[in-house]
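Here's a quick briefing to read with the model open beside you. Have a look around first, and then we'll go through it topic by topic.

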Amino acid sequence: NRGCRIIVTYRTYRLSQEILEQYRAVAEFEYEFPGISFESALDCLIRQEIPNVHMYEDILYSNNPLYLTILAKTLAAEKMANREANHSLNSLTSITNIFEQYVKSTLNAKMWQKTKDVAEWMYQHNTKKISLLTLETLVENGRQFFEEMQQQGFMTSYQSHGVEYCLFSIE
């Protein structure tokens with residue numbers, strides 16, 4: 001029907017490159033939404049009465065919708081709000097907890113364990129990157145793990161001297 005308009009929305013990293021290229025081949029127009037503002041994210045957190053909002057300013061200033069969604073959903077959880085109110089989490093622990101809860105809810109607990117294994121390897125080797133080959137030997141189904149993490153926006157990669165390196169999108 002010529003009078004019919006179909007609107008498709010997706011989040012960055014949610015679609016594989018192949019699916020995205022197929023979509024672009026049939027789409028007549030495309031609009032890239034720039035994300036949400038620092039002010040609207042802060043307003044949302046203040047309305048939720050989250051204590052110590054200042055601890056999350058790096059995430060807020062990123063204007064990254066994924067990070068802001070992770071933050072808002074996790075902080076809205078009653079357990080997290082109670083822990084924050086009791087000041088039982090410091091800034092780093094709190095942000096790690098936010099990331100953990102989001103990985104578990106978006107993917108699953110097994111993926112969180114693999115994420116911890118990769119993070120521990122990076123810490124032990126004093127680096128923020130891991131080659132895809134090393135990742136494949138470190139965790140079960142390493143390539144699939146990376147692809148799922150990349151689709152959710154948790155990891156990214158780059159090539160250097162013919163080697164593909166993977167790193168976390170959130171430090």
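In which loop is the place of H161? H161 sits in the loop between β2 (155–160) and β3 (163–168), with helices (H or I, at least four residues) and strands (E, at least two) taken as DSSP runs numbered from the N terminus. Bear in mind that this is a predicted model, where local features need pLDDT of at least 70, side-chain atom pairs count only at pLDDT 80 or more, and totals for chains, interfaces and linings use all residues. Residues are numbered from 1 along each chain as its sequence is written, and side-chain values use heavy atoms, with hydrogens and water left out.

**Confidence**
- The protein's average pLDDT (the predictor's confidence in each residue, from 0 to 100) is 75, and 59% of the residues score at least 70.
- Helix α5 (residues 78–85) has the lowest confidence, with a mean of 52, while helix α8 (residues 132–138) has the highest, at 93.

**Overall layout**
- You'll find nine helices and three strands in the protein, and along the sequence they follow the pattern α-α-α-α-α-α-α-β-α-α-β-β.
- Of the 171 residues, 31% count as buried; buried means under 20% relative accessible area, exposed over 50%, and partly exposed in between (1.4 Å probe, protein chains only).
- Take the contacts (heavy atoms within 4.5 Å) between residues at least 6 apart in sequence: 52% of them join residues at least 24 apart.

**Helix α9**
- In helix α9 (residues 142–151), the buried residues are G142, F145, F146 and M149.
- They cover an arc of only 95 degrees around the axis, so they end up on the same side of α9; the arc is that of the directions from the helix axis to the C-beta atoms.
- As a reminder, an α-helix has 3.6 residues a turn, so residues three or four places apart point the same way.
- The buried residues of α9 pack against α7, α8, β2 and β3.
- After α9 comes G153, with a positive phi near 85 degrees.

**Charges**
- The whole structure holds two salt bridges, each a side-chain nitrogen of Lys or Arg within 4 Å of a carboxyl oxygen of Asp or Glu.
- One of them joins the side chains of K110 and E140 (3.9 Å, N to O).
- K110 is in helix α7 and E140 in the loop between α8 and α9, so this pair ties together parts 30 residues apart in sequence.
- K110 itself is exposed, at a relative accessible area of 52%.
- E136 also forms a salt bridge, with R143, and their closest N and O atoms are 3.0 Å apart.
- Both partners are partly exposed: E136 has a relative accessible area of 29%, and R143 has 41%.
- K114, in helix α7 (residues 109–124), is buried yet has no salt bridge; E140, the nearest side chain of opposite charge, is 5.2 Å away.
- Leaving aside neighbours within four places in sequence, K114 is in contact with V139, E140, N141 and F145.

**Positive phi outside glycine**
- H161 has a positive phi of about 55 degrees although it is not a glycine, and H161 counts as exposed at 81% relative accessibility.
- N126, in the loop between α7 and β1 (130–131), has a positive phi near 50 degrees and is exposed at 74% relative accessibility.

Definitions and conventions. Lys and Arg count as positive and Asp and Glu as negative; His and the chain ends are not counted.
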